[in-house]
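Take a look at the picture before reading on.

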Amino acid sequence: MIDGSGSWALRLRNGQAVFDEFMEAAPFPISRATLARRTGLSKPTVSALVSDLEDAGVVSLIPPETSPGRIGRPAAPYALVPDAALVVGVDMGATKVIVGVADLLGRVLAEDRIETASHARAAVDAVVGSTRRLLANLGKGRLLESGCVGVPGVYRPRPDRVEMSPNLPGFADLPIREELSERLGVPVTIENDVNLAAVAEAEAMDDRGGLDFVAISVGTGIGAGLVMDGKLYRGGHGAAGELGSIDMSGVADDRAGRLTLEDLASAPAIRKRFRHAVDNDFPSRLARDAEVSEILLAASSGDEAASEALGIAAEAMASAVAWLSWFSDPARVVFGGGVGSNPIFVDAVRSRLEHCLDETPELVASALGSRAAFMGAISTARASVRTTFVRGRLGR
C-alpha cells in the first residue's frame, strides 16, 4: 500500500496498479490500451508510466508482428522483464535447508541444499552464505529485492522470535527477521514452514477444494497449515496448526506417559516403533535400522513389524485428522513431507479415518512433495515485491 497525497504519491499508486497488471499478465505481453482499460487510467497516464517502467528496466517492448495487407499501426505490447528483480526463498527444515533464487515469474534460477546446522544462529549464517554465493554465481547480486524464510516453529512478529522449535534449538535470543534483513540488504519475511507449504499447495490447486483445506507435513516433525475461505489462518497468536503437539495418549499401547502426535506418527517415531516391533519378535524382512520409506513399502506387502509401526502412526494421524475435521470441516487434507507425501501412508490414514467420521475430507498426497515449503517461500517473497518494488524503482 502506497500512502500519502500529492502528485508523487499518486504517480506511485498509479505505477503500482500498472505493475500489478504486468505481474498478472506475465509471462505474456500486454498492450497499453489493455492496461488503460484494466486500470481505469487514461491512455496518456498509462503511456507515461509504461515509459517510466521501461526506463527502470522493469518492462520491455515486444516488437509487434506485421501481417501483409494489414492497415494501420499494430499495437505495441510490453512484457515484464523477469529478472528485473530477484527473490530468495528458504525452507529451513530440521535436517536440510533449501535456498533458492528466483525471478519475478517464480522461476528458480539457482538453488542450494545444505545440511541444517545444530543451532539456529549457525543455520542463519548458512542461509546468508548460500544466498550470497548463489547471487554471485548468477552475477546479479544487486537485483535482490525480497526474501522469505520458512522456519520449523512458530514465528512471533512482535518480539521477532521463533518459538516451539524443538528440532532446531537456539532461536530464543535471535531476532531472525531483523538479522536476515540487515545482512541480505532486503526485506525478509519469516513464516512457519508448513504455512508456506499450504500457500504453495493452494496455488497448485485449480478447484474450490483449495478454499478450505489443511496441509499436514509429516517428516522429522509434524505441523499443519490451515486455509479457510481461501486465506491462510494463523490464529490469534500465530500458532494455529501446531498439530504435532496435541496429546495422543491412549492411541498406542504404551506406558511411557503423555504422548503427542509427533511421538507416534513422525519419521523418528515410525523408525522407533519399527525397531520396538522387531525387538518384540514381530517378523520382518528388513534390517532393524531401515529407513521410513522402506518400512512403508514393506508394510504395504504385509511385513508384520512394518505394519505394526505404520498402523500405530496411521491410527494416531487419523484421530488427529478427525479432530481437525470436527472443528474446521476441511474439504481436503493434503499430506506432505518425507512421510506424508508417501501414498502408502495416506492410504493407511484414509482406511482408518473412515471409521472415525461419517463424512470424510478428501485425503491426497502432495504433488509438491518435500519442495512445498520452499515453493511457498518463493511465492511469498514474490508477493512482497509488489509492496516495495514500484516505490523503489519509480521513486528514484
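In which loop is Asp329 found? Asp329 sits in the loop between helix 10 (304–328) and strand 14 (332–336). The model you see is a predicted one.

Most residues other than glycine have a negative phi, and most peptide bonds are trans. Asp329 is not a glycine, yet its phi is positive, at about 50 degrees. Asp329 counts as exposed because its relative accessible area is 60%, and the cut-off for exposed is over 50%.

Asp229 has a positive phi as well, near 55 degrees, and is likewise a residue other than glycine. Look for Asp229 in the loop between strand 12 and strand 13 (231–233). With 60% relative accessibility, Asp229 is exposed too.

A cis peptide bond links Ala26 to Pro27, with an omega of about 10 degrees. Pro27 belongs to the loop between helix 1 (6–25) and strand 1 (30–31).

Rolling a probe the size of a water molecule over the atoms shows where empty space is left. The table gives the volumes.

| Space | Volume |
|---|---|
| Largest pocket | about 870 Å³ |
| Second largest pocket | about 270 Å³ |
| Largest cavity | about 50 Å³ |

The largest pocket has 49 lining residues, and Asp193, Ser217, Gly219, Thr220 and Gly221 are the ones nearest its centre. By class, the lining of the largest pocket holds 18 nonpolar, 22 polar and nine charged residues.

Around the second largest pocket there are 17 lining residues, with Val199, Glu203, Ser379, Thr380 and Ala383 nearest its centre. At least two residues each come from strand 10 (188–192), helix 6, strand 13 and helix 13. Helix 13 gives the most, with five residues. The lining of the second largest pocket has seven nonpolar, four polar and six charged residues.

How many cavities of 30 Å³ or more does a search of the whole structure find? The search finds one. Asp212, Phe213, Val214, Leu226, Val227, Met228, Ser328 and Pro330 line the largest cavity. The cavity lining is made up of six nonpolar, one polar and one charged residues.

Notes: Residues numbered from 1 in each chain as written. Predicted model: local features only at pLDDT ≥ 70, side-chain atom pairs only at ≥ 80, totals over all residues. Heavy atoms only, no water. 1 Å grid on protein atoms, 1.4 Å probe; cavity = no way out; pocket = protein on both sides within 12 Å on 5 of 7 lines; lining within 4 Å. Points joined across faces, edges and corners; volume = space filled by probe spheres on them. Nonpolar A, V, L, I, M, F, W, Y, C, P; charged D, E, K, R; others polar. Helix = DSSP H or I, 4+ residues; strand = E, 2+ residues; numbered from the N terminus. Buried < 20%, exposed > 50% of the residue type's maximum accessible area, 1.4 Å probe, protein only.
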